[in-house]
Amino acid sequence: MTTTFRKMLSLTTALVMTTSAVAYAEPSAELIEAAKKEGMLTTIALPHSWCGYGDVIAGFKAKYPEIQVNELNPDAGSADEVEAIKANKDNKGPQAPDVVDVGLAFGPQMKAEGLLQPYKVSTWDEIPDAIKDAEGYWYGDYYGVLSFIVNKDLVENTPADWADLLKPEYAGQVALAGDPRTSNQAILGVLAAGLSKGAKPGEESGKAGLEFFAELNKAGNFVPVTAKAGTIAQGATPISIAWDYNALAWKDEINGNPPVEVVVPKTGVLAGVYVQGISAYAPHPNAAKLWMEYLYSDEGQNLWLKGYCHPARFNAMAKAGKIDQALLDALPPAESYEAAVFPTVEEQNANKAAVTGGWDTVVGANVQ
């Protein structure tokens with residue numbers, strides 16, 4: 001897996017084009033017609049600032065105005081999405097999600113629990129094998145690395161690495177962008193902290209990461225508040241640990257008031273893949289398939305890049321000259337990504353078990 005993505009990252013400094021020439025194979029007329037008849041798509045856990053989802057949803061609506069997009073609980077975490085499908089198995093109403101966007105470790109779990117149905121998009125062959133289920137139950141769509149976003153009005157010296165966060169000058173300032181018991185972003189934040197201490201991805205990184213956050217909490221530096229643009233701007237979470245694409249979108253949202261800085265730490269550079277899937281109980285299965293076709297089209301993939309994410313089809317699109325260089329230039333320097341570690345599904349599962357099972361006893365901070 002690591003090799004696959006190192007090749008992907010090596011391409012981010014080359015291969016240019018403008019999106020004006022972007023085109024992709026249209027979904028079948030039969031699928032489009034069936035989706036229009038259903039007339040609705042129910043999504044869950046898609047904040048508009050996350051990876052450019054606002055533009056993605058708007059693009060889908062513009063292309064298929066006959067399909068209403070019903071958005072549930074934008075601030076939910078991956079575990080909440082799993083529970084939403086379980087809770088609505090027999091419900092064909094508007095509270096039943098058609099599709100999910102979850103952390104990589106949740107894809108195999110949902111398949112094993114019978115919560116997903118298989119579907120292979122028309123661009124299936126261009127999704128790297130390492131980040132998709134061979135039978136089509138789940139498939140990676142984009143990735144980013146964990147970063148620090150810093151309110152410069154309140155933090156004079158920007159931390160450059162994880163160990164810096166333990167310094168006394170950062171008392172009451174460091175937060176995660178989620179609850180490590182339910183949020184994939186936060187769970188992997190703990191993994192990254194473990195990596196920075198020299199631990200291997202998996203149970204070892206989970207335990208080492210928990211020790212790091214226990215130390216951070218004991219020092220009085222950890223703030224048990226879920227970080228987002230508002231909490232950063234208001235000063236509740238002056239140093240926040242979040243995916244680079246979230247941090248960069250928040251920086252745009254904050255728009256210089258206050259000034260913020262986004263940095264990728266020097267060590268413990270953790271890359272996280274998010275995967276798509278269609279609920280096995282989807283009330284609108286054809287609309288769900290059409291949504292997937294849009295996400296994995298050239299248009300959809302370039303919209304991820306516009307939202308500061310690296311799209312799953314990056315390699316193939318770069319080779320075909322379908323990547324917009326201006327979008328690449330808006331990301332942190334390519335060298336910031338060179339040390340990125342891409343944990344396998346098995347490593348993420350082992351880390352997740354260690355973090356969710358040990359957070360309360362080892363760290364003891366109730367993140368809300």
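First, a definition: the domain bounds I'm using come from an automatic or database domain assignment. For this protein chain, that gives domain 1 (29-142 + 272-333) and domain 2 (152-270 + 341-363). Taken over C-alpha atoms, their centres are 26 Å apart.

Quick caveats. It's a predicted model, so to speak: local features need pLDDT of at least 70, side-chain atom pairs count only at pLDDT 80 or more, and totals for chains, interfaces and linings use all residues. Residues are numbered from 1 along each chain as its sequence is written, and side-chain values use heavy atoms, with hydrogens and water left out.

Now the interface. Contact here means heavy atoms within 4.5 Å, and 23 residues of domain 1 are in contact with 21 residues of domain 2. Together the two domains bury about 1,800 Å², with 60% of it on carbon and sulfur atoms; buried area is the accessible area (1.4 Å probe) lost on putting the two parts together, summed over both.

On to charges. The rule, a Lys or Arg side-chain nitrogen within 4 Å of an Asp or Glu carboxyl oxygen, finds 1 salt bridge across the interface of domain 1 and domain 2. Asp75 also forms a salt bridge with Lys228, with the closest N and O atoms 3.7 Å apart.
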